[in-house]
Amino acid sequence: MDTKAKIKEVLVKLLRVKPEELKDDARLYDSIGVDSTEMVETVIALEKEFKVKLSPKEITKFSTINDIEKNVQSKISV
Amino acid sequence: MEKIAVTGIGVVSPSGIGKRQFWANIKSGRSFIKGITRFDASKYPSRIAGQIDDLERYSHISERLLKKIDAFSHMALVASEMALQDAGIDIKNEDPNLVGIFLGNALGGWLYAETELRDLYLEGREGVSPYMASAWFPAAPQGQVSIYYGIKGFSKTVVADRASSLMAIGYARKVLSKDKLNLILAGGMEAPVTPYALLCCNTYGALSKNNAHPENAYRPFDKKRDGCVIGEGSGILVMEGIERAKSRGARPSAYISGYGTTCDAVDRINPASDGKELARAIEMALADAKVNKEEIGYISLDGLAVDIWDDSEIRAIKTVFGSRLKDIPLSCPKSMFGNLLGASGALDLIVSLLAMEHNLVPPTINLDEPAANGLSFVRKEAKQHNISKALIISRGRGGINSVLVVEKGET
């Protein structure tokens with residue numbers, strides 16, 4: 001499974017949203033109305049999934065799936 | 001202070017969810033106290049409770065929200081929805097700045113907190129849900145109900161042990177009578193059927209140990225009483241000004257007309273044995289309601305089923321009502337579903353409102369041999385009785401007394 005699909009899977013499982021609600025280029029705040037606490041949870045879940053250290057300052061509720069993918073990819077490649 | 005109309009009732013209790021089912025079970029005098037099944041309570045001295053197992057069936061709360069909140073917020077959300085529906089109110093049509101929420105709670109949300117504390121010790125800091133911070137504390141249901149409905153008016157959560165919710169309703173009336181708000185959701189919620197909350201209630205020492213016969217365990221005012229049994233749930237009312245209620249075509253089921261509260265100031269747990277301060281709170285509520293004691297047709301008792309609490313309560317009503325007390329029906333219907341602690345006053349009020357509406361006083365079950373003689377306890381089964389005005393007593397540890405006077409509405 002590619003990184004983007006895994007990110008979506010984490011979000012669907014964690015936030016109990018429908019997969020079709022997640023749009024690659026929409027901000028999470030706009031597409032599924034995430035709050036800041038959900039983002040704390042999301043960052044922790046993504047860290048566990050990809051075994052990398054992520055920054056809650058870089059992955060925010062105003063990030064898109066594409067933004068998150070880019071961020072995660074950059075940490076994985078390091 | 002003016003009377004305030006009650007136009008909607010929402011109830012989530014071990015005796016039923018929704019006022020129809022609740023009332024049907026209450027008037028039948030059936031006990032809903034059972035052995036605790038949610039967790040292994042076998043080592044607890046008291047391991048019985050009024051437990052709710054089918055809340056999901058009545059709930060429209062999303063999975064996404066449920067994982068962020070404790071059971072006591074869930075119960076308050078379901079009760080609020082039922083109350084609004086009963087009142088025929090669509091919050092979207094209200095000015096959100098003029099709607100408030102006044103709720104009472106004693107313990108907070110331990111089902112959520114305990115799981116997270118376990119994770120803290122097992123997995124460390126990162127094992128704890130970030131929602132822990134907003135899920136456990138007593139005002140969390142107020143926040144969740146406000147977010148769910150977009151309610152933005154003056155609101156308050158009262159924490160005063162078992163007197164919490166009756167006090168919240170008393171405050172709500174005060175705020176409405178000053179015309180500060182159009183409408184208030186008022187009541188309380190409690191979810192004490194959790195390992196830690198049950199432990200604390202056991203430590204307090206006021207719980208019945210009659211685990212072998214749960215249905216007979218809670219016996220307020222009975223000679224063989226040995227403490228109360230906890231219960232979980234929520235009771236929420238829609239309260240609004242009489243003029244406003246009538247102008248929108250609502251028929252108030254009752255009016256809240258008086259409130260009184262005092263402190264005993266003698267002990268950090270027990271009440272004063274003389275009941276004098278409770279008597280003063282009753283007098284205060286009657287004066288506030290401009291109701292003569294002769295007009296009271298029913299008294300809903302706090303009834304903790306602990307000697308000093310029950311005896312001082314009887315002393316207080318004797319002090320106020322004197323020889324007339326023998327003619328006033330008295331009852332403590334929570335003996336059927338358990339003491340909802342911070343939400344107990346709201347549930348007592350709801351039972352009283354339904355009793356007035358149906359001209360039927362529900363019984364105190366298990367009151368086989370009253371410890372006090374010459375009183376009109378309604379026992380074993382419900383009794384036909386027209387009530388136009390009733391008194392509700394709710395008390396808390398540390399000697400908190402709160403009393404409400406209610407009057408029959410248009411039924």
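**Two chains, one predicted model**

Visitor: How many residues of chain B are in contact with chain A?

Guide: In this predicted model, 8 residues of chain B are in contact with 7 residues of chain A. Contact means that the C-beta atoms of two residues, placed from the backbone, lie within 7 Å.

Visitor: By class, what does the side of chain B that touches chain A have?

Guide: That side has 2 nonpolar, 2 polar and 4 charged residues. Nonpolar covers Ala, Val, Leu, Ile, Met, Phe, Trp, Tyr, Cys and Pro; charged covers Asp, Glu, Lys and Arg; the others, Gly among them, are polar.

Visitor: Which numbering and cut-offs apply here?

Guide: Residues are numbered from 1 along each chain as its sequence is written, and chains are lettered from A and ligands numbered from 1 in the order in which they are written. As the model is predicted, local features need pLDDT of at least 70 and side-chain atom pairs count only at pLDDT 80 or more, while totals for chains, interfaces and linings use all residues.

Visitor: What does the model score?

Guide: ipTM is 0.77 and pTM is 0.93. Chain B averages a pLDDT of 96, and 100% of its residues score at least 70. pLDDT is the predictor's confidence in each residue, from 0 to 100.

Visitor: On to chain A. How many helices and strands?

Guide: Chain A has 4 helices and 0 strands. Both are DSSP runs numbered from the N terminus: helices are H or I with at least four residues, strands are E with at least two. The radius of gyration of chain A is 11 Å, close to the 12 Å that the globule rule gives for 78 residues, so chain A is as compact as a globular protein of that length. That radius is taken over C-alpha atoms, and the rule is 2.2 Å times the number of residues to the power 0.38.

Visitor: How many of its residues count as buried?

Guide: 19% of the 78 residues of chain A. Buried means 20 or more other C-beta atoms within 10 Å of a residue's own, exposed means 12 or fewer, and partly exposed is in between; C-beta atoms are placed from the backbone.

Visitor: What is the phi of A:R16?

Guide: Near 55°, a positive value in a residue other than glycine. A:R16 lies in the loop between α1 (3–15) and α2 (28–31) of chain A. A:R16 counts as partly exposed because it has 13 C-beta neighbours inside 10 Å.

Visitor: And B:D161, buried or exposed?

Guide: Buried, because B:D161 has 21 C-beta neighbours inside 10 Å. B:D161 also has a positive phi, about 50°, although it is not a glycine.

Visitor: New topic. Which domains does chain B have?

Guide: Domain 1 (4–247) and domain 2 (258–408); such bounds come from an automatic or database domain assignment. Their contact takes 57 residues from domain 1 of chain B and 53 residues from domain 2 of chain B. On the domain 1 side, α7(B) gives the most, with 7 residues.

Visitor: What about the largest nonpolar core?

Guide: That core has 138 residues; B:I169, B:I184, B:M239 and B:L404 have the most contacts inside it. A nonpolar core is a set of buried Ala, Val, Leu, Ile, Met, Phe, Trp, Tyr and Cys residues joined through C-beta atoms within 7 Å. Helix α3 (residues 71–87) of chain B gives the most to this core, with 11 residues. Apart from this core lies another, of 13 residues, among them A:V17 and A:I59.
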